[in-house]
Amino acid sequence: MKRLICSAFGVAATVVGLAACTSAPTGPTVAVMPRAGKPFDVFQKEDQECKQYATSSTVDTSNAALKEGATSAAVGAALGAVAGAVIQGGNHQNVGTGAGVGLLGGAAMGAANAAGKQNQSQTQYNIAYQQCMYAKGNQVPSFPTQR
């Protein structure tokens with residue numbers, strides 16, 4: 001019984017650790033330049049406003065990426081524990097082993113899914129940031145400068 005509790009605690013700690021591996025975008029990964037003649041302090045103010053706008057535009061996608069990793073790892077651990085119990089007739093040692101194997105499989109799937117959502121979140125962030133900066137008259141790659 002003591003081993004089962006330790007295994008459950010280890011699984012929970014790993015799930016929390018995996019959830020910490022994903023993160024929301026912290027800034028744009030695209031270059032935007034001020035248009036000719038724009039004072040730099042004005043550009044910096046616009047940059048901060050547009051970063052806030054982009055952050056608020058990606059909250060849902062970022063939260064989904066965080067949940068994806070934790071959920072997949074937890075489901076994998078639970079399925080692994082059940083499989084371990086069924087295969088060896090309820091032996092608590094096999095439950096812990098099954099949970100560990102399930103956690104690894106679930107964590108791998110969760111990490112892949114979370115990475116995809118994290119990339120999607122960064123793309124959405126960049127688009128929102130570029131739209132905002134372009135609307136303020138700044139130079140955005142691949143778009144003509146406004147006059």
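Student: Before we start, what does contact mean here?
Tutor: Contact means heavy atoms within 4.5 Å. Keep in mind that this is a predicted model.

Student: OK. Which residues is Phe43 in contact with, leaving aside its neighbours within four places in sequence?
Tutor: Phe43 is in contact with Val32, Met33, Pro34, Lys38, Met133 and Asn138, once neighbours within four places in sequence are set aside.

Student: Where is Phe43 found?
Tutor: Phe43 is in helix H2, which covers residues 40–57.

Student: Is Phe43 buried or exposed?
Tutor: Phe43 is buried, because its relative accessible area is 9% and buried means under 20%.

Student: How many residues apart in sequence are Phe43 and Asn138?
Tutor: They are 95 residues apart in sequence, and 8.1 Å apart in space from C-alpha to C-alpha.

Student: Back to H2. Which of its residues are buried?
Tutor: The buried residues of H2 are Phe43, Glu46, Asp47, Cys50 and Ala54. Looking down the axis of H2, these buried residues fall within an arc of 110°, so they line one face of the helix.

Student: And which exposed residues does the face turned away from the buried side carry?
Tutor: That face of H2 carries Asp41, Lys45, Gln52 and Ser56.

Student: What should the 18 residues of H2 span?
Tutor: At 1.5 Å a residue they should span 26 Å, and the end C-alpha atoms of H2 are 25 Å apart, which agrees.

Student: New topic. Which residues make up the largest nonpolar core?
Tutor: The largest nonpolar core has ten residues: Val32, Phe43, Cys50, Ala54, Tyr125, Ala128, Tyr129, Cys132, Met133 and Val140. H4 gives the most to this core, with five residues. Both H2 and H4 supply at least two residues each.

Student: Why would nonpolar side chains be buried together?
Tutor: As a general point, nonpolar side chains tend to be buried together in soluble globular proteins.

Student: Take Tyr129. What is Tyr129 in contact with, leaving aside neighbours within four places?
Tutor: With those neighbours set aside, Tyr129 is in contact with Pro28, Val30, Val32, Asp47, Cys50, Lys51 and Ala54.

Student: Cys50 keeps coming up. What does a disulfide join Cys50 to?
Tutor: A disulfide joins Cys50 to Cys132, with an S to S distance of 2.1 Å. The pair links distant parts of the chain, since Cys50 is in helix H2 and Cys132 in helix H4, 82 residues apart.

Student: How many disulfides does a search of the whole structure find?
Tutor: The search finds one disulfide.

Student: Is that disulfide of Cys50 and Cys132 left-handed or right-handed?
Tutor: The torsion about the S-S bond of Cys50 and Cys132 is about -75°, so the disulfide is left-handed.

Student: Are Cys50 and Cys132 buried or exposed?
Tutor: Cys50 is buried, and so is Cys132.

Student: Now salt bridges. How many are there in the whole structure?
Tutor: A search of the whole structure finds four salt bridges. In one of them Glu46 pairs with Lys38, and the closest N and O atoms are 2.5 Å apart.

Student: Is that Glu46 buried or exposed?
Tutor: Glu46 counts as buried, at 11% relative accessibility. Lys38 is buried too, with a relative accessible area of 10%.

Student: What does Lys51 form a salt bridge with?
Tutor: Lys51 forms a salt bridge with Asp47, the closest N and O atoms being 3.2 Å apart. Both lie in helix H2, four residues apart, which is about one turn of the helix. Asp47 is buried, with a relative accessible area of 12%, while Lys51 counts as partly exposed at 25% relative accessibility.

Student: And which side chain meets Glu49 in a salt bridge?
Tutor: The side chain of Lys136 does, at 3.0 Å from N to O. Lys136 lies in the segment after H4 and Glu49 in helix H2, so the pair ties together parts that are 87 residues apart in sequence. Salt bridges that share partners join Lys45, Glu49 and Lys136 into one network.

Student: Last one, Asn126. Where is its place, and which residues does it touch?
Tutor: Asn126 is in helix H4, residues 92–135. Not counting residues up to four places away in sequence, Asn126 touches Gly27, Pro28, Thr29 and Val30. Asn126 counts as buried, at 10% relative accessibility.

Terms used:
Residues numbered from 1 in each chain as written. Predicted model: local features only at pLDDT ≥ 70, side-chain atom pairs only at ≥ 80, totals over all residues. Heavy atoms only, no water. Buried < 20%, exposed > 50% of the residue type's maximum accessible area, 1.4 Å probe, protein only. Expected span 1.5 Å × (residues − 1). Arc of directions from axis to C-beta. Core = buried A, V, L, I, M, F, W, Y, C linked by side-chain atoms within 4.5 Å. Disulfide = S-S within 2.5 Å.
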